Amino acid sequence: MNIFEHYLHIITKLVSDNKHDLKLTNLKDLKNVNLEVPPNHFNFDLSTNISLVLAKSNNLKPNDLAAELKDLILNNITHFYKIDIAGPGFLNIKLSKEGMISNINKIFEKKEIYGSKKSDGFYNIEFVSANPTGPMHVGHCRGAIFGDVLSNLLLFNGNRVVKEYYINDYGNQIHNFVKSVYLRLREIKFNEKFVIKENLYPGEYIKEIAKNIIKKNKELNIDNFDKSFEILKKLSLENSMSLIKNDLKQLGIVHDNFFSETELVEKNLVKRTVNQLQSENYVEDGYLDPPKGELSENWKKTKRLIFKSKLFGDDTDRALQKNDGTWTYFANDVAYHADKINRKFKNLINILGADHTGYITRISAAVSALSKNKVKLNCKVCQLVKLYKNGKPFKMSKRAGDFISVQDLLNEVNKDSIRFMMLNRSNDVELDFDFDKIKEKTKDNPVFYVQYAYARINSIIRTIKRNLDDKISINDNSFSPNDYEEKILRKIFEWPKVIESASYKFEPHKIPFYLYELSTLFHSYWSKGNEDKNFRFIENGKIKRKESLIFLYLIAIVIKNGMKILGVSLHEKM
RNA sequence: GCGCCGGUAGCUUCAACUGGAUAGAGCGCCGGAUUUCGGCUCCGGAGGUUAUGGGUUCGACUCCUAUCCGGCGCACCA
């Protein structure tokens with residue numbers, strides 16, 4: 001239920017039914033007509049550019065057409081009671097009491113699904129996919145939360161969504177990781193000193209993993225690295241994945257599916273995918289262009305299988321094989337995406353960190369080639385997070401090899417604050433994450449501010465001995481909102497629009513922004529009661545005006561729906 | 001050098017509903033309210049050539065183009 005869509009449909013139908021009277025011969029631009037929120041100072045509920053759009057294609061003066069449309073609309077739509085013509089020919093519309101009541105009652109019926117828009121997409125969202133070589137660090141956090149909330153958003157609209165984690169458990173990094181565990185094991189068992197060398201993982205957590213492995217596998221033979229590699233790999237990965245899953249869990253994130261790169265290779269999916277592309281002439285045995293940047297001395301022109309991603313707008317073709325003939329990371333990833341396509345997803349979304357931007361074109365090219373342009377891959381990039389504490393950049397002064405982990409973050413601030421703040425900015429811009437601000441109980445801390453609004457509402461509801469779950473509706477026409485309530489109502493009506501635009505553009509940050517604005521309106525209304533006793537909600541333990549009760553319920557519904565999508569908890573008391 | 005992202009008020013903060021009206025918030029600054037249903041809350045004010053030049057049109061922060069500044073990326077790594 002979106003009143004903008006609803007009335008737009010009614011208005012355009014009305015106009016096209018009356019096109020002769022209006023002397024409209026050309027209605028092809030009707031699809032460009034929109035119904036929006038008018039700028040604040042106009043004090044109207046709806047605004048449409050219909051006369052501007054239609055005047056142009058019909059050679060009429062916008063203001064003349066506007067005058068005729070105004071009468072037509074007012075005479076036919078009982079939910080509207082006043083229309084002004086503004087600026088070059090905008091129609092600003094005010095809802096009638098009947099219109100308000102009808103829409104408010106619909107919200108009370110919808111309740112926890114108010115704002116959702118019925119869709120039937122089938123999405124695969126791949127996010128986090130942190131290398132399984134240790135616990136998660138801050139860099140993963142933003143993308144993790146972004147992916148999770150985007151999933152919630154799409155689910156809210158009724159889509160089917162699979163949240164997926166691609167485990168990069170193959171290749172050199174894993175080899176180095178397992179080697180590090182191996183050396184730590186020997187350190188424990190044979191007292192051999194662990195020497196930090198290039199490519200080895202020095203972090204303390206490796207010791208923990210090693211201890212863990214020993215504890216559970218007393219008989220484990222570690223005389224020879226190559227011989228025990230496979231079993232060690234398995235044990236090490238189990239450990240690191242459980243670290244990661246624990247981090248995710250504490251952030252409130254649960255994936256539906258973990259997809260292993262090793263399995264992909266073992267099941268021969270890479271070879272099959274490459275064959276498929278080869279038969280369609282997208283893969284050939286050839287030579288790569290030299291690298292574009294500084295010429296490296298290591299670069300040699302050698303023949304190998306390459307994917308012709310230039311055909312899909314990439315600036316160079318991409319290698320599928322390394323010098324030694326094994327598959328590149330990219331080749332495996334292409335196979336992985338082929339598998340996603342085979343699983344019949346209609347929409348693929350990858351959430352990436354800023355350092356993977358350069359990868360987007362080639363993997364998108366691969367998806368286009370594999371699906372014959374039928375499946376769309378959307379890559380959303382999360383920019384860097386900069387941590388601040390006491391006004392200064394926050395760095396952990398631990399010894400080399402350690403980094404700021406998700407655990408470090410969770411030791412400072414709770415999951416709710418992290419989630420809200422990580423989303424309180426567009427994914428396209430760098431984000432400053434300020435520890436001090438998040439702990440404040442002030443308006444500066446958006447999480448607190450929104451949660452506080454909800455707690456205040458609950459306080460009132462408690463005082464008058466009602467419950468937010470009570471059924472409520474408007475049953476008579478004496479309903480008469482004041483100025484504050486009209487503003488709040490407009491904001492409430494905007495909610496479905498926020499959801500639509502957030503899900504259409506994959507921009508969940510619009511939700512925290514919106515909730516903050518809604519909370520501002522509420523706190524402002526509340527404070528009016530300090531100034532002027534007439535604006536207090538309660539007198540002698542009873543609600544004074546039934547209108548205010550309606551609005552408290554409306555705000556609570558929307559805050560609740562919004563925070564549920566964000567995965568941030570609310571409290572009745574704080 | 002090439003590619004991607006960004007450049008909006010004094011600001012190491014950002015919004016602007018996929019081309020609409022007088023470009024909005026926050027911080028800071030100036031002024032005011034408040035012995036409360038629930039606490040650092042509220043109201044008002046000043047502050048702008050949207051990085052710069054050109055173009056597209058009834059209309060541009062938004063699209064095109066050139067330039068400048070900042071970030072990230074440019075492997076046979078993952």
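**Entry 1: the surface near the RNA**

I began with the elements beside RNA strand B: strand E4 (90–95), helix H6 (172–190), helix H16 (446–463), helix H17 (483–504) and helix H18 (510–531) each supply at least two residues of the surface near the RNA. My helices (H or I, at least four residues) and strands (E, at least two) are DSSP runs, numbered from the N terminus. "Near" means that a heavy atom of the residue lies within 4 Å of the strand.

A note on what I am reading: this is a predicted model, where local features need pLDDT of at least 70, side-chain atom pairs count only at pLDDT 80 or more, and totals for chains, interfaces and linings use all residues. Residues are numbered from 1 along each chain as its sequence is written, chains are lettered from A and ligands numbered from 1 in the order in which they are written, and side-chain values use heavy atoms, with hydrogens and water left out.

How many residues surround RNA strand B? I found 69, and the closest are Ser47, Phe90, Arg425, Ser459 and Tyr504. Of the RNA atoms that come within 4 Å of the protein, 52% belong to sugar and phosphate.

Next I looked for polar contacts, here pairs of N or O atoms within 3.5 Å. The side chain of serine 459 has an N or O atom 2.5 Å from a base nitrogen of RNA strand B. Tryptophan 526 uses a backbone N or O atom, 3.3 Å from a base nitrogen. At glutamate 572, I saw a polar backbone atom 3.4 Å from a base oxygen.

**Entry 2: the sheet around E4**

I followed E4 into its sheet. Four strands form an open sheet in the order E1-E2-E4-E3, with antiparallel pairing. I call two strands paired if DSSP finds at least two bridges between them. Which strands are at the edges? They are strand E1 (35–36) and E3, each pairing on one side only.

E1 and E2 share two bridges, and glutamate 36 has serine 47 in E2 as its bridge partner. Three bridges link strand E2 (residues 46–48) to E4, where leucine 91 partners threonine 48. Strand E3 (residues 80–86) and E4 are joined by six bridges, and isoleucine 83 has isoleucine 93 in E4 as its partner. E3 and E4 make a hairpin with three residues between them, and glycine 87 in the turn has a positive phi of about 55 degrees.

Is E4 enclosed or open? Five of its six residues are buried, so E4 is largely enclosed by the rest of the structure. Buried means under 20% relative accessible area (1.4 Å probe, protein chains only).

**Entry 3: helix H19**

I checked the length of helix H19 (residues 546–566): at 1.5 Å a residue, its 21 residues should span 30 Å, and the end C-alpha atoms are 31 Å apart, which agrees. The expected span is 1.5 Å times one less than the number of residues. As 18 of the 21 residues are buried, H19 is largely enclosed by the rest of the structure. Just after H19, I noted glycine 567 with a positive phi of about 70 degrees.

**Entry 4: phenylalanine 330**

Last, I visited phenylalanine 330 in helix H11 (residues 329–342). Its relative accessibility is 4%, so phenylalanine 330 counts as buried. Beyond its neighbours within four places in sequence, its contacts (heavy atoms within 4.5 Å) include Phe307, Leu320 and Tyr359.

Note on methods. A polar contact is a pair of N or O atoms within 3.5 Å; within protein, one must be able to donate a hydrogen and the other to accept it, and residues adjacent in sequence count only if both atoms are side-chain atoms. Buried means under 20% relative accessible area, exposed over 50%, partly exposed in between (1.4 Å probe, protein chains only).
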